[in-house]
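Here is a friendly walk through a protein chain, one piece at a time. Take a moment to look at the sequence and the structure before reading on.

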Amino acid sequence: MLRDVPRVLSIAGSDPSGGAGVQADLKSIAALGGYGMAAITALTVQNTQGVQAVHVPPASFLGQQLDAISDDITIDAVKIGMLGDAAVIGVVRDWLEKVRPAVVVLDPVMVATSGDRLLQESAEAALRELLPLADLITPNLAELAILVGEPQAREWHDALGQGQRLSAATGATVLVKGGHLDGGACPDALVNAAGLLAQEVVEVSGDRIPTRNSHGTGCSLSSAMATAQARLGDWEAALRQVKPWLVGALQASDQLEVGEGNGPINHFHHMQQVPAAGEFAETLRRASEPDLAAIYGLDFIRDLAAGTLAEEQFAYYLAQDAIYLNGYSRVLARASALAPTEAAQLFWAKSAQQCLEVESELHRTWLSTRTVDSVLGPVTKSYVDHLLAASASGSYAVLVAAVLPCFWLYAEVGQTLHAEFLAAGAPAAHPYADWLRAYADEDFAQATRDAIALADDAGRSASADERAAMLVAFRQSCRFEVEFFDAPRIHS
């Protein structure tokens with residue numbers, strides 16, 4: 001009976017470094033949607049650089065573990081890995097004959113990727129007797145050669161031939177793996193000589209992943225296959241699901257930074273780590289700190305706060321702000337169109353409208369009564385072009401991150417300068433008092449809080465790659481904010 005959450009038992013050795021053995025099996029089972037259990041056959045002393053020692057506990061104790069599990073829990077699939085010696089193999093064989101699990105995957109752990117021998121040579125005969133009880137056998141090329149009594153295959157067609165001979169001798173399906181072949185290709189194939197597959201050889205092609213981190217790949221593959229088969233009931237379908245997952249685990253292995261040798265794969269690469277509420281917004285806030293500090297250090301800001309800013313610089317700033325707001329309103333309208341919820345759509349649409357209202361007010365109160373250079377400035381153009389590029393990306397999350405600094409940094413700067421204005425006694429003669437009051441307005445502060453919350457929501461819903469792109473867009477906009485405040489000085 002197929003199950004959405006299959007109960008999968010790993011019978012294997014322990015790897016204290018976590019990359020192989022039952023540790024890798026349990027990660028793989030969980031990653032493929034199963035519930036993992038483990039009966040320990042052997043304890044190893046190993047890390048990413050190799051195996052130093054192996055201790056095999058009494059076989060009778062393993063038998064107690066197996067009986068305790070199967071007496072209480074229905075087992076949907078079994079993965080068998082490192083067995084250690086003939087006594088252990090005998091216990092496992094007796095238990096399999098008694099319990100008869102529906103799916104049995106046997107990974108004949110004899111030789112590690114590092115070349116270390118993991119099965120006593122005296123136990124090979126006992127292992128051969130166990131093979132016919134398996135539904136799927138998953139040897140690496142060195143192990144496949146040992147099991148058929150031939151030299152290790154150097155070419156893919158030779159490996160397939162060995163797989164066919166092993167399948168014919170055992171009655172099991174054999175997963176022939178191309179990971180140890182030379183060259184850029186890395187195919188895998190299911191081979192069954194008894195006609196249990198749609199065709200005798202079902203090959204799934206693939207490319208070799210350039211990484212030194214392949215520790216536990218065989219363990220992970222076999223336990224993933226057991227889990228997928230218990231869910232899907234078809235070996236080909238299982239392999240076509242497992243192989244892309246394993247490729248991704250190899251590609252993402254560098255993220256783990258575990259060990260100095262042959263490191264482990266990243267079993268949970270496909271599972272997004274969703275930030276807690278407010279966590280991504282905090283990441284953005286920290287990213288903005290250097291730019292806020294730079295803004296507070298600008299002559300334009302210090303002179304504006306003191307009321308000593310030359311009027312021509314303030315007029316240029318407002319003229320560029322009016323041009324900017326015209327473009328910004330179009331970008332906010334695009335954010336409204338892309339927004340995933342009605343509330344977000346309404347917020348960005350209202351913000352776009354308010355931009356046009358502020359632009360109109362600037363023209364009425366300042367720009368229409370003064371001679372102002374209203375030519376599009378280079379910083380304004382670059383900033384708007386950046387926002388339009390974010391708008392054209394098609395990513396709502398990236399666009400929201402790009403537009404956020406115009407809310408957030410303006411609000412931060414405006415509140416700080418307004419507080420200084422009040423601390424100075426709110427002098428009536430301050431020429432820029434109206435501007436300082438406008439940006440300390442509570443409605444604008446609330447809009448900023450809403451924009452931050454929407455950006456945080458977008459970041460939580462985004463993929464890891466998209467969050468990285470959000471951070472890049474946000475930081476670029478923060479830098480443009482610094483340049484925008486400094487542009488009047490450069491222009492004058």
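Predicted model: local features only at pLDDT ≥ 70, side-chain atom pairs only at ≥ 80, totals over all residues.

## Around helix α14

Helix α14 is followed by G425, which has a positive phi near 90°. Residues are numbered from 1 along each chain as its sequence is written, and side-chain values use heavy atoms, with hydrogens and water left out.

A426 also has a positive phi, about 45°, although it is not a glycine. Its place is the loop between α14 and α15 (433-439). In general, most residues other than glycine have a negative phi. A426 is partly exposed, with a relative accessible area of 27%; buried means under 20%, exposed over 50%, and partly exposed in between (1.4 Å probe, protein chains only).

What about α14 itself? It runs over residues 396-423, and at 1.5 Å a residue its 28 residues should span 40 Å, which agrees with the 40 Å between its end C-alpha atoms. The expected span is 1.5 Å times one less than the number of residues. Of the 28 residues in α14, 21 are buried, so the helix is mostly covered. A kink of about 35° lies at L404, shortly before the proline P405. The bend at a residue is the angle between axes fitted to the seven residues ending there and the seven starting there.

## Another bent helix

Where does α17 bend? It bends by about 35° at F485, and a proline, P488, follows within four residues.

Nine strands form an open sheet with mixed pairing, in the order β3-β2-β1-β4-β5-β6-β7-β8-β9. The edges are β3 (50-55) and β9 (201-204); each has a single partner strand, so one side of each is left without a neighbour in the sheet. Two strands count as paired if DSSP finds at least two bridges between them. As background, strands of a sheet pair through backbone hydrogen bonds, either parallel or antiparallel.

Now look at β7. Five of its five residues are buried, so β7 is largely enclosed by the rest of the structure. T173, L175 and K177 point one way from the strand, while V174 and V176 point the other way. On one side, β6 pairs with β7 in the parallel sense over two bridges, and I137 has V174 as its bridge partner. Four bridges join β7 to β8, and these two strands run antiparallel; here L175 stands opposite L190 in β8. Strand β8 (residues 188-191) in turn pairs with β9 in the antiparallel sense over four bridges, with E203 in β9 as the bridge partner of A189.

Helix α7 (residues 217-232) lies across several strands, including β1 (7-14), β4 (77-80) and β7 (173-177), and runs at about 165° to β4. Such axes are lines fitted to C-alpha atoms, for helices over the stretch in contact, with angles from 0 to 180 degrees between N-to-C directions. Contact means heavy atoms within 4.5 Å.

Is G263 buried or exposed? G263 is buried, with a relative accessible area of 0%, and its place is in the loop between α8 (235-251) and α9 (279-296). Leaving out residues up to four places away in sequence, G263 touches T48, R212, N213, S214, H215 and V258.

P132 is in the loop between α4 (124-130) and β6, and it is partly exposed, with a relative accessible area of 45%. R100 sits in the loop between α3 (86-99) and β5. R100 is exposed, with a relative accessible area of 57%, and its phi is positive, near 55°, in a residue other than glycine.

## The whole chain

The chain has 17 helices and nine strands. Buried residues make up 52% of its 492 residues. Along its principal axes, the C-alpha trace spans about 100 × 40 × 40 Å.
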